[in-house]
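The sequence and structure are shown first.

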Amino acid sequence: MIDRRRYTVHGESERDVRTKLAYIRDRVYAGKDLALAALKPVGMNTPEGWSRADAMAEQGFRCPICEQPFDLMPQRDHDHQTGRYRALLHPSCNQFLGAVEALHRRGLRIPAFAAFHAYLDAHGP
């Protein structure tokens, strides 16, 4: 059994946690068993106590690259040189971003990947 206390932000009541879980389950994951995982801390230079649910809400429950709603558990994107957290992304967008970022750092821009380049420009060094 999962201990809900692990997913409670300091000072947050059990009722608030249940409400947050229900909202995530209904709005984001349509009943999938990913709601508890969404309450795990984001980590990586984010405000203290922030969870993935908070980060997803801040982003409008959408991936900033493809602008599609999250259907799977999003992944944390971070700059591999500085370790700085950037945003939550779809797993596929995050994986492909690694390849595009290598080109981007060399100054190579491919028009078909404009959304990736715009994201990297917005979250620059």
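Phe-113 counts as partly exposed, at 23% relative accessibility; buried means under 20% relative accessible area, exposed over 50%, and partly exposed in between, with a 1.4 Å probe and protein chains only. The model is predicted: local features need pLDDT of at least 70 and side-chain atom pairs count only at pLDDT 80 or more, whereas totals for chains, interfaces and linings use all residues. Residues are numbered from 1 along each chain as its sequence is written, and side-chain values use heavy atoms, with hydrogens and water left out.

**Aromatic rings**

Rings of Phe, Tyr and Trp (its six-membered ring) pair if their centres lie within 6.5 Å; planes under 30 degrees apart count as stacked, over 60 as edge-to-face and the rest as tilted. By this rule there are three aromatic pairs. In one of them, Phe-96 and Phe-116 have ring centres 5.2 Å apart and planes at 70°, so the pair is edge-to-face. This pair links distant parts of the chain, with Phe-96 in helix H4 and Phe-116 in helix H5, 20 residues apart. Helices (H or I, at least four residues) and strands (E, at least two) are DSSP runs, numbered from the N terminus. Phe-96 is partly exposed at 35% relative accessibility, while Phe-116 is buried at 12%. The rings of Phe-113 and Phe-116 are also edge-to-face, with centres 6.4 Å apart and planes at 90°. Ring pairs join Phe-96, Phe-113 and Phe-116 into a cluster.

**Helix H5**

Phe-116, His-117, Tyr-119 and Leu-120 are buried in H5. Viewed down the axis of H5, the buried residues fall within an arc of 160°, so they line one face of the helix; the arc is that of the directions from the helix axis to the C-beta atoms. These buried residues pack against S1, S2 and H4, where contact means heavy atoms within 4.5 Å.

**Salt bridges**

A salt bridge is a side-chain nitrogen of Lys or Arg within 4 Å of a carboxyl oxygen of Asp or Glu. The whole structure holds five salt bridges, including those tabulated here.

| Pair | N to O distance |
|---|---|
| Asp-77 and Arg-86 | 2.7 Å |
| Arg-105 and Asp-79 | 2.9 Å |
| Arg-109 and Asp-121 | 2.8 Å |

Arg-109 lies in the loop between H4 and helix H5 (114-122) and Asp-121 in helix H5, so the pair ties together parts that are 12 residues apart in sequence. Both Asp-77 and Arg-86 are buried. Asp-77, Asp-79, Arg-86, Glu-101 and Arg-105 are linked in a network of salt bridges.
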